Amino acid sequence: MMAYTFPSPTNSTRVAPKAGRANAIHDEIGAVAEEPTFIDNAVHHVRYETTQDLSKKTQVSKPNQEHFQPTHPRRYRLTEEDSSVRLAHLDHEDAPFFNGEQMSATSSRPMLLIDSQSHILRLRTQSLSDTNKGVRVGLNNMRGKSLDVFGMNASKVHAGQIVSIGMRSTDLVEKLFSKGLHGLTSVSTAGQSTQFVAQNFNSIVLPTAIRYIGRNDHFIMYYDRFGNFLYAPKIFKNKDRQLGNQRGVGETKVNPIVEVANRITVKGKGIALNDSLSVQVDDSEAQKKQGAIKQMRIKDPTVNNESKARVTAGQLLRLNKKAQGALQSNKHAQSWDFEPGDIVEYKSAIGNTKQAIVELTHSSTGESHFQLISYEAGLEAVINSFGDDADIDDEKDATDYSNQVVSINKSGVGSIVLRVRGGIDVRPVAHSLSRSLTTDTNNASPNHHAGMLLGHRNSGYGAGRSALAFGISPRISGSHAGTTITVTSTNGFASSGHLILDDQTFVSYSGLGATTFTGVTLVSGASIPGSIGTLRMLRPRAHEMRNTKGLRIRRKI
Amino acid sequence: MPMLNSIKRRLVEHLATLVNELHVGSDGTIATSEDGGARTLARVVPRVQILDDTSILVEGVLNSSHVFSKAIQEVYLQYKDANTGEFIPVYRADIHSLTKSAENEVRFSFILEVS
């Protein structure tokens, strides 16, 4: 922001923008009179932003020409036309300069033209067009009207943007309390707002003033019966608690917290004489259904152009619809710990829903009665907007002139709901083992693996296990003498077990050497042959998987 | 006015591309819509399947190889861009405490419905 004074040869504390034609003046005057480094009664103009990521850092940066149009002390000659004015230099007819460039149909246009005699008389520009004398500036809402109607009859104007000097809204609330007498125990603000508000609050009662500030930053005031006052962005907080169990025949009914509206007129704060910031948005579907137009007027000081007003109106219509579904739920037992502002899980016939407690009564009989509203972000705003009709006089800027262009705004509220239903399946896994060949230990009696095995349960200790057959048994030749069979290698055979010799003789053995089976006894067959053509295990080895699962237990999330 | 089914189908198709990670975590605090992540114990790539014009199924399995010393107390779905690392939290639920050992396997399934 910048403050300006009118140029005077003796005024060495002049602050002026360096851009545009002023450069030359600076070069010439600046060579003899140095620009001061400290100026009393000046304001630093910076951009103040909160970064929209997890860090939520606040950043202060230098504004540049795109962000702000410096209002230069230079005056322009104004000639009135129908729905437009012509601007020219004070003493000749060329198109004048603004913001560093000569005004033309393609240059950037000044936001406002400000009366050189009275700064509250301002005109909002709409377009620039070339003309043979000066430049033509189109104005909105001026057809058939002259500037005299507004009491503006100066022939000279400044061009640029106006700035109000205010305070951060949270600081302003604290400041209001520091000056006023009040009986509150404590006053606190939560969080730092990034909205700045400039408003004269002389002779305005504190609650009205704070609600007005709240409409700028969507904060809301909250006070309890102990006299504590809080000004905070969110009064609703999650409570890890369910609300249900009505005692006896408790009744639940729909009890809207605000009047039903199917047409909302949002009036913004105009800053120019020809501003018309009143937008009316209709919910035609609701109007048709209800058979009547129910209008509500909202004044939103943050609205400074038409599209913003339309957004506000559309949003308020949507939230108004939501607020119609507010519930009154009575006779709850054991609910003495709830407070207004708690978000609870409300048990009802249609399932559990998230509801915010707006009002409640705890009675001495142990019953609690609740006024609930389906919780949604932005709820604070609707309570702020609909809650208070008190208005702060800003008639100085008011512009109540009829429009020349009638625009019709319709709003249709359609909804898409995104729902998630979740489940968990837990299944015990008794044991698991990656696929491997049966080991000698596992293949001991009575757990020999053989044949086509799909399942196998250990008869002793340990987990049940599964096995896949057929395994492969080595087929080798050998010779027999006494109780010993000699082969080239016994690799792959169990330490004791059964053998088939030449596919017809069945023997058992009790010991195993590197090349010998010992303790060989005939089990069936005629006799043990001295020379054995093929010798193989009676029970081939299996591939063991061992992966046993129990019953699945399903739980709803 | 009602929203039309065709756009719901389109949203469902888009939604199916917006879930590519399922996390289980150890943070049991109550889930709110302001949550932005989980205290992750493990992350699996879930199977995402469009069931019909209004719903998708997201399913993730933790087999017996997942063993955690802390109990699972939350499940969290998110979209993560493999190139930029940018992530968008999609869903978080706090669940009854569950001990994940080598002796159990857990399957999480979610139906996301646009209606």
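Leaving aside neighbours within four places in sequence, I find N99(A) in contact with Q65(A), Q69(A) and P70(A). The model I am reading is a predicted one.

I looked up where N99(A) sits: in chain A, in the loop between β5 (97-98) and β6 (101-102).

Next I turned to the aromatic rings. I note six aromatic pairs over all chains. One of them is formed by F338(A) and F370(A), with 5.7 Å centre to centre and 85° between the planes. I record this pair as edge-to-face because the angle is over 60 degrees. The pair links distant parts of the chain, 32 residues apart. F338(A) is in the loop between β21 (327-333) and β22 (342-348) of chain A, and F370(A) is in strand β24 (residues 367-374). I then checked accessibility: F338(A) counts as buried at 2%, and F370(A) is buried with a relative accessible area of 0%.

I also looked up F493(A) and F517(A), which form an edge-to-face aromatic pair at 5.1 Å centre to centre and 80° between the planes. Where do the two residues lie? I place F493(A) in the loop between β30 (484-487) and β31 (497-501) of chain A, and F517(A) in strand β34 (residues 516-518). They are 24 residues apart, and the pair links distant parts of the chain. Both F493(A) and F517(A) are buried. Last entry: I list F493(A), Y509(A) and F517(A) as one aromatic cluster.

Key
Residues are numbered from 1 along each chain as its sequence is written. Chains are lettered from A and ligands numbered from 1 in the order in which they are written. This is a predicted model: local features need pLDDT of at least 70, side-chain atom pairs count only at pLDDT 80 or more; totals for chains, interfaces and linings use all residues. Side-chain values use heavy atoms; hydrogens and water are left out. Helices (H or I, at least four residues) and strands (E, at least two) are DSSP runs, numbered from the N terminus. Contact means heavy atoms within 4.5 Å. Rings of Phe, Tyr and Trp (its six-membered ring) pair if their centres lie within 6.5 Å; planes under 30 degrees apart count as stacked, over 60 as edge-to-face and the rest as tilted. Buried means under 20% relative accessible area, exposed over 50%, partly exposed in between (1.4 Å probe, protein chains only).
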